[in-house]
Amino acid sequence: MTNRQKISLIAACISYALTVAGFFFFNTTVVLLMLIIFAISMCAFAYSCFKIRNDYTGAEHLQQEIGILTAEKTQLKNDYETLIKEKDEELEKRQLTIGRLGDDLALAQMSVKEAKDELEEFKGNSVKEGGEFDSLLPPDDDDTANVDIIEIAKAAINELSEAAKKVGLRITISSASEKLMVHASKKRLLIMFRNIIDNSIKYMQTQGNLVITISTIDNDIFIVLKDTGKGLPENETKHIFELNFQGSNRISGNGLGLTQAKAIVEHYGGTIYARSPEGNGMGIYIQLPTN
């Protein structure tokens, strides 16, 4: 009870008592005056109670507003935490992607270094067959064209992407140049890449990577196709370009693919060579003159 209510109630009580006493001790005028004061006091008391009730209702409304604001604050906090979690997951995925790209780059750099270090050995160990496999060359309509060998490699990868995906083989290209031109048949070079990539798809037998590194060394284009499969023993690796050769890891096919790749390379005055440290993948090294 507020002070105003107390004063109004006390005034009403006193005026009521004086009114009752007035019937016995005072005249009519005093009694009427006391009644008027009593009535005014009761009205003041009633008004105070009514006002407090309205104030209380306003407080309830304010509490509801506070409740709504609290709920909105909680929702905003939850939304913020969800957003932070999603950003953290996205960042983690990007870090994993960067890590994989770093691994691919490391493999590519190793392949380039390996290619340059072994160029002389490559040329020395690759003996041309004097057109022995010319009959294996696919038909050609654009033998005199200058073509972008990087674009051709990408086209071969695109053609075999579904087959590679099924066995878990991830194929990437690494080159310091966006375009490398060579005087050869686009159709035949596409078949060359396709045969070698298909060979990796068949014989990897496990998830892994195939990195294709394309670079220029002097006036030659040098290509390294290195996978992370099981590889072959050295005594078998030196025969993989022979017609109908089947290694100890044979699965299917007639052994024609790599022989045809060799025929295409040598037709354009290039050389092809393989190295396969057993258990450490297969590497196919190709040198092609630019013109």
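**Exercise 1. Describe how helix α6 packs against helix α8, and state which residues meet.**

Solution. Step 1: helix α8 covers residues 257-267, and α6 and α8 pack at an angle of about 145 degrees with their axes 9 Å apart. Axes are lines fitted to C-alpha atoms, for helices over the stretch in contact, and angles run from 0 to 180 degrees between N-to-C directions. Helices (H or I, at least four residues) and strands (E, at least two) are DSSP runs, numbered from the N terminus. The model is predicted: local features need pLDDT of at least 70 and side-chain atom pairs count only at pLDDT 80 or more, while totals for chains, interfaces and linings use all residues. Residues are numbered from 1 along each chain as its sequence is written, and side-chain values use heavy atoms, with hydrogens and water left out.

Step 1: the crossing of α6 and α8 is left-handed. A crossing is left-handed if the near helix is turned anticlockwise from the far one by less than a right angle, and right-handed if clockwise.

Step 2: from α6, Arg188, Leu189, Ile191, Met192, Asn195, Ile196 and Asn199 meet Gly257, Leu258, Gln260, Ala261, Ile264, Val265 and His267 of α8. Contact means heavy atoms within 4.5 Å. By class, this contact of α6 with α8 has eight nonpolar, five polar and one charged residues. Ala, Val, Leu, Ile, Met, Phe, Trp, Tyr, Cys and Pro count as nonpolar, Asp, Glu, Lys and Arg as charged, and the others, Gly among them, as polar.

**Exercise 2. Determine how many residues of α8 are buried, and what covers them.**

Solution. Step 1: nine of the 11 residues of α8 are buried, so the helix is mostly covered. Buried means under 20% relative accessible area, exposed over 50%, and partly exposed in between (1.4 Å probe, protein chains only).

Step 1: the buried residues of α8 include Leu258, Lys262 and Glu266. Their cover includes α6, β6 (271-275) and β7 (283-289).

Step 2: just after α8, Gly269 takes a positive phi of about 80 degrees.

**Exercise 3. Work out how α4 lies relative to α6.**

Solution. Step 1: the axes of α4 (residues 149-159) and α6 (residues 186-204) come within 9 Å and cross at roughly 50 degrees. That makes α4 oblique to α6. Angles under 35 degrees count as roughly parallel, over 145 as roughly antiparallel, 65 to 115 as roughly perpendicular, and the rest as oblique.

Step 1: α4 passes α6 in a right-handed crossing.

Step 2: among the α4 residues in this contact are Ile149, Ile152 and Ala156, and the α6 residues include Leu189, Phe193 and Ile197. By class, the contact of α4 with α6 has 10 nonpolar, no polar and four charged residues.
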